[in-house]
Amino acid sequence: MDCADCQEQVHEYLQREVNEDLAAAITAHIANCDHCEDLYATEDQLNKVIRESCETQTPEQVIDKIRQHIAELG
Ligand SMILES: [Zn+2]
């Protein structure tokens, strides 16, 4: 595992889309490489922001649909 490999795989790694062996190799590389650790932390942060914005939007959309449905019924 070198930096180029790690950077190519880090996105899948964050999505838990890599197999155990590859995940272990990436974990080991990140532990020993500040540059890839930074990249991992940045991607991880980005994923959290995306996930949180999805979580806060979804209920509103559901509520809107329900309101629309109620309006149509009314
Ligand atoms: Zn690296």
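Where is R16 found? In this predicted model, R16 lies in the loop between α1 and α2. The residue is not a glycine, yet its phi is positive, near 60°. R16 counts as exposed because 7 C-beta neighbours lie inside 10 Å, and a residue with 12 or fewer is classed in this way.

The chain as a whole holds three helices and zero strands, and its elements run α-α-α from the N terminus on. The mean pLDDT of the chain is 87, with 95% of the residues at 70 or more. Among the elements, α2 has the highest mean pLDDT, 96, and α3 has the lowest, 82.

The overall dimensions were computed from C-alpha atoms. The radius of gyration of the chain is 19 Å, whereas a compact globule of 74 residues would have a value near 11 Å. Along the principal axes, the C-alpha atoms fill a box of roughly 60 × 20 × 15 Å. Buried residues make up 11% of the 74 residues. Of the contacts in the chain with a separation of 6 or more, 53% are accounted for by residues 24 or more positions apart.

Helix α1 spans residues 3-14, twelve residues in total. From its first C-alpha to its last, α1 reaches 16 Å, close to the 16 Å expected at 1.5 Å a residue. The buried residues of α1 are C6, V10 and Y13. These three cover an arc of only 75° around the axis, and therefore lie on the same side of α1. A4 and E8, on the other side of the helix, are exposed.

When neighbours within four places in sequence are left aside, C6 is in contact with M1, I26, H29 and C36.

Ten residues separate E37 from T27 in sequence, and their C-alpha atoms are 9.3 Å apart in space.

Q68 also has its place in α3. Q68 counts as exposed because it has 10 C-beta neighbours inside 10 Å. Q68 and D34 are 34 residues apart in sequence, and the distance between them is 51 Å, C-alpha to C-alpha.

Conventions: Residues numbered from 1 in each chain as written. Predicted model: local features only at pLDDT ≥ 70, side-chain atom pairs only at ≥ 80, totals over all residues. Helix = DSSP H or I, 4+ residues; strand = E, 2+ residues; numbered from the N terminus. Expected span 1.5 Å × (residues − 1). Buried ≥ 20, exposed ≤ 12 C-beta atoms within 10 Å, placed from the backbone. Arc of directions from axis to C-beta. Contact = placed C-beta atoms within 7 Å. Rg over C-alpha atoms; globule rule 2.2 N^0.38 Å. pLDDT = per-residue confidence, 0-100.
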